[in-house]
Amino acid sequence: MSDHRSPYQERIIKNYYQNRDSIGIQKAQEAVTELYLSQGKKRETVWKRLVSHLEKAGLPAEQIEHLREKDDPALVAEAIGKLA
């Protein structure tokens, strides 16, 4: 595969990385909604995705681990609200 990209492709890639934190926040907000509604194995799957999104949004690892231990969607929503 060629390493050459069109200017359009370069712009899309650049915009993605410039907006990565905003994308992470939006995805984390969506995952919190799922967290409220999930139980058991599904909840573990949602947490895995949520941790990834929170990292991309810029939340410190210690705070993410604290939220995961508490397993309270309201606390997660509050932390996301402070990022936004």
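Analyst: Happy to. The protein averages a pLDDT of 91, and 98% of the residues score at least 70; pLDDT is the predictor's confidence in each residue, from 0 to 100. This is a predicted model, in which local features need pLDDT of at least 70 and side-chain atom pairs count only at pLDDT 80 or more, while totals for chains, interfaces and linings use all residues. Residues are numbered from 1 along each chain as its sequence is written, and side-chain values use heavy atoms, with hydrogens and water left out.

User: Why is R43 called buried?

Analyst: Its relative accessibility is 15%. Buried means under 20% relative accessible area, exposed over 50%, and partly exposed in between (1.4 Å probe, protein chains only), so R43 counts as buried.

User: What makes D71 and R43 a salt bridge?

Analyst: Their side chains meet at 3.1 Å, N to O. The rule asks for a side-chain nitrogen of Lys or Arg within 4 Å of a carboxyl oxygen of Asp or Glu, so this pair qualifies. D71 lies in the loop between α4 and α5 and R43 in helix α3, so the pair ties together parts that are 28 residues apart in sequence. Helices here are DSSP runs (H or I, at least four residues), numbered from the N terminus.

User: And which label does D71 get, buried or partly exposed?

Analyst: D71 has a relative accessible area of 31%, so it is partly exposed.

User: What makes the largest nonpolar core a core?

Analyst: A nonpolar core is a set of buried Ala, Val, Leu, Ile, Met, Phe, Trp, Tyr and Cys residues joined through side-chain atoms within 4.5 Å. The largest has 17 residues, and W47, L50, L54, L67, V76 and I80 have the most contacts inside it. Helix α3 (40-57) gives the largest share, six residues. V76 touches V32, W47, L50, L54 and L67, not counting residues up to four places away in sequence; contact means heavy atoms within 4.5 Å.

Key
Helices (H or I, at least four residues) and strands (E, at least two) are DSSP runs, numbered from the N terminus.
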